[in-house]
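User: I would like to go through some of the labels used for this structure. Please set each value against its definition.

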Amino acid sequence: MFGKLKKKLGFSALSTTFFELPAPASGDVVALDDVPDPTFRDGVLGSGAAIAPSQGRIVSPIDGIADIVFPTGHAVSLRGDNGMKVLIHIGLDTVNRKGDGFRLHVQSGQRVTVGTLLIEFDCERLLADGYDVITPVIICNSEDYTSIHASVQHVTEGAPFLQIQK
């Protein structure tokens, strides 16, 4: 009824988009506040949650591009078709492994879809060598969203994990 007037005055209808991001791994969900690394704990890179993985595989939670695939295999940054930027960082200080124990299945610039296998890693070996395998999943452009929070305490790969509102 007042659509033309709203448009003339510069008002637009408020729209809220809500969706759930699938989990890139199976395991227990951990709040970023409980991740023992200040870069993740303090939200320096953005909001999200972490997964204490129960197996050594990471899949894509979005359709898009594998934007940055770290040659060490410890992390991948994805750019979604929907504009979302997701960083998945396997473990803490695992960059120091220089790729040992990680196997990449994608390369930078490669198209991925939900469920595409990105990285396999030797979870037991990393733990035996004293590494924490907690895996932060960060929405790097979290300022574009009004709410990002974990929806479960335990998750299976591909199941709803983060509730995101725009």
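User: Why is cysteine 123 called buried?
Analyst: Buried means under 20% relative accessible area, exposed over 50%, and partly exposed in between, with a 1.4 Å probe and protein chains only. Cysteine 123 has a relative accessible area of 3%, so cysteine 123 counts as buried. The model is predicted: local features need pLDDT of at least 70, side-chain atom pairs count only at pLDDT 80 or more, and totals for chains, interfaces and linings use all residues. Residues are numbered from 1 along each chain as its sequence is written, and side-chain values use heavy atoms, with hydrogens and water left out.

User: Why does cysteine 140 count as partly exposed?
Analyst: Its relative accessibility is 29%, which lies between the limits of 20% and 50%, so cysteine 140 is partly exposed.

User: How many disulfides are there?
Analyst: A disulfide is a pair of cysteine sulfur atoms within 2.5 Å. By this rule the count is zero.

User: What makes β12 and β14 a pair?
Analyst: Two strands (DSSP runs of E, at least two residues, numbered from the N terminus) pair if DSSP finds at least two bridges between them. Strand β14 (residues 160-165) and β12 have four bridges in the antiparallel sense, so they pair. Histidine 149 has glutamine 163 in β14 as its bridge partner.
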